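Visitor: I would like to learn how to read this model one feature at a time, beginning with the backbone and ending with the packing. Could we start from a single residue?

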Amino acid sequence: MKFVSTTFSIYAATAFAHSFLDAAFGIDDVASQANRLLQQQNIMLNPLRKESNDDEFFNIPADDYVKDIDPNSPNAPHFAGIVTFAKLPQTECFNIDPNNRPEFDVAILGAPFDTATTYRPGARFGPSGIREGARRMGKYDSSSSIIPGFNPYDDWAKVVECGDVPMTPFDNRIALNQLYRAHRQVHNHSVPAKETEPDVPYKSSAPRIITLGGDHTITFAALRSVSEVHGPVSVIHFDSHIDTWDPKALGGNISSYSELNHGTFLHFAHEKGYLNVDGNAHVGIRAPFIRKKLDKEHDEHDCGFKTVMARDVDLIGVRGVINKLKEIVGDNKVYITVDIDVLDPAYAPGTGTAEPGGFTTRELLTILDGLHGLNVVGADVVEVSPAYDTNGQITVMAAAQVVDSLLGLMVLELN
Ligand SMILES: [Mn+2]
């Protein structure tokens, strides 16, 4: 027994030393010395060591072996390679031959825009921040989904990353129009033929887009494009603010150009006919109104929104919130927009207009996952402003997890 453990120790120590030194410095005579030593004890190193491509314990791969240095390989570390959302394949989505567009079911699209904010800017870096938060997600990683065996990146849907839309920081009208045109281009791609089977009720005939904001104004451009494809949609709006403000009350008293901003975009989405006349919901509201009575009247009666307050979750629980939201939107096509400031600042400090008293990350994710069964035709996560996040990246990780849940709602089969 003693002999076995001693020889094993010698074997391990010499083999390790020789593998390490060989790999690091190419010192071959260390290997031959080790072999001689082990031969004296009638123990041989694997004679195929140099030629072997397997990954046996002490082996160093052959010099031209590349599988383990491919960042897209299943075993690559999470911090390797170029960052896309959840390591999705980056795909050319815009300036391409109309007859030769790649087909996909869901696209991730970045909207780096923050020039329509009322308080702290910085959400133009939201898309790249959210991608940073998604580095441990993907096809080869155990899914974050709480549903055992379900991984939205490795299911029926082809999911791609379109990258960020160039949006000018100098003219909001042009910037939002750029995003709208980019959305149109993405919607013009076809979904792979198998996805149009009539017996699968909620698979879309056009790709669905999850947009990474960007301040909340970007949702206006997304809704314009989505409503062109699907008709008016019901919006489920996770936010601490109502964002239906009449431009007379917020920003529009300066110029007509300033009327459309991250607090008024839902007013305009309603006015332009992108939304169903009713069947829209705010969730997580807690910020004060600007005009005590008029804001609420405008929100409910003019823009067609019903409200689930942030503190309702304490009174009716997440199940109660889920039921209420499902009741409000019914069978309508749904667009889900998540302003990360719906979370409490403890869970999402990296945002522009933080309001205390919000949801926990767990509550938000449970509510989102509970919306399973709705016909979600588009979605976004906005107002992620990494400059105010912690070193621990809690906001961008929460935002990435929200995207993961939104994708899950689009991909998970209805049974
Ligand atoms: Mn908002």
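Visitor: Is Asp243 buried or exposed?

Guide: In this predicted model, Asp243 is buried, because 29 other C-beta atoms lie within 10 Å and a count of 20 or more is what the term requires. Asp243 belongs to the loop between strand S4 (234-238) and helix H6 (265-271), and its phi is positive, about 60°, although it is not a glycine.

Visitor: Which peptide bond is cis, with omega near 10°?

Guide: The bond from Gly213 to Gly214 is cis, and Gly214 lies in the loop between strand S3 (208-213) and helix H5 (218-230).

Visitor: How should I read the sheet, and in what order do its strands stand?

Guide: Strands of a sheet pair through backbone hydrogen bonds, either parallel or antiparallel. Here eight strands form an open sheet with parallel pairing, in the order S2-S1-S3-S8-S7-S4-S5-S6. Strand S2 (159-164) and S6 stand at the edges, each with a single partner strand, so one side of each has no neighbour in the sheet. From one strand to the next the twist averages 15°.

Visitor: How many bridges join S1 to S2, and how many join S1 to S3?

Guide: S1 runs parallel to S2, joined by four bridges, and Val106 stands opposite Val159 in S2. S1 also runs parallel to S3, joined by six bridges, with Ile108 having Ile210 in S3 as its bridge partner. Moving on along the sheet, four bridges join S3 to strand S8 (residues 375-382) in the parallel sense, and the bridge partner of Leu212 in S8 is Val381.

Visitor: Which residues of S1 point one way, and which the other way?

Guide: In a regular strand the side chains alternate between the two faces of the sheet. In S1, Val106, Ile108 and Gly110 point one way, while Ala107, Leu109 and Ala111 point the other way, and all are buried. Because six of the six residues of S1 are buried, the strand is largely enclosed by the rest of the structure. Helix H4 (residues 172-187) lies across S1, S2 and S3, and runs at about 165° to S1.

Visitor: What handedness does the crossover from S5 to S6 have, and how do the two strands pair?

Guide: Strand S5 (residues 280-285) and strand S6 (residues 305-309) pair in the parallel sense over five bridges, and in S6 the bridge partner of Ala281 is Lys306. The chain crosses from S5 through helix H7 (residues 292-302) to S6 in a β-α-β crossover that is right-handed.

Visitor: Why can H5 be called largely enclosed, and what covers its buried residues?

Guide: Twelve of the 13 residues of H5 are buried, so the helix is largely enclosed by the rest of the structure; the buried residues include Ile218, Phe220, Leu223, Arg224 and His230. What covers the buried residues of H5 includes S1, H4, S3, H6, strand S7 (333-339) and S8. As a check on its geometry, the 13 residues of H5 should span 18 Å at 1.5 Å a residue, and its end C-alpha atoms are 18 Å apart, which agrees. H5 is followed by Gly231, whose phi is positive, near 80°.

Visitor: At what angle do helix H8 (residues 312-329) and helix H9 (residues 361-370) pack, and which residues meet there?

Guide: H8 and H9 pack at an angle of about 35°, with their axes 7 Å apart. Val313, Val318, Val321 and Ile322 in H8 meet Glu363, Thr366, Ile367 and Gly370 in H9, and by class this contact has five nonpolar, two polar and one charged residues.

Visitor: How many helices and strands does the protein chain have?

Guide: The secondary structure comes to ten helices and eight strands, and buried residues make up 46% of the 415 residues in the protein chain. Among contacts between residues at least 6 apart in sequence, 74% join residues at least 24 apart.

Methods:
Residues are numbered from 1 along each chain as its sequence is written. This is a predicted model: local features need pLDDT of at least 70, side-chain atom pairs count only at pLDDT 80 or more; totals for chains, interfaces and linings use all residues. Two strands pair if DSSP finds at least two bridges between them. A crossover is right-handed if, with the strands pointing away from the viewer, the path from the first strand over the helix to the second runs clockwise. Axes are lines fitted to C-alpha atoms, for helices over the stretch in contact, and angles run from 0 to 180 degrees between N-to-C directions. Two residues are in contact if their C-beta atoms, placed from the backbone, lie within 7 Å. The expected span of a helix is 1.5 Å times one less than its number of residues. Ala, Val, Leu, Ile, Met, Phe, Trp, Tyr, Cys and Pro count as nonpolar, Asp, Glu, Lys and Arg as charged, and the others, Gly among them, as polar.
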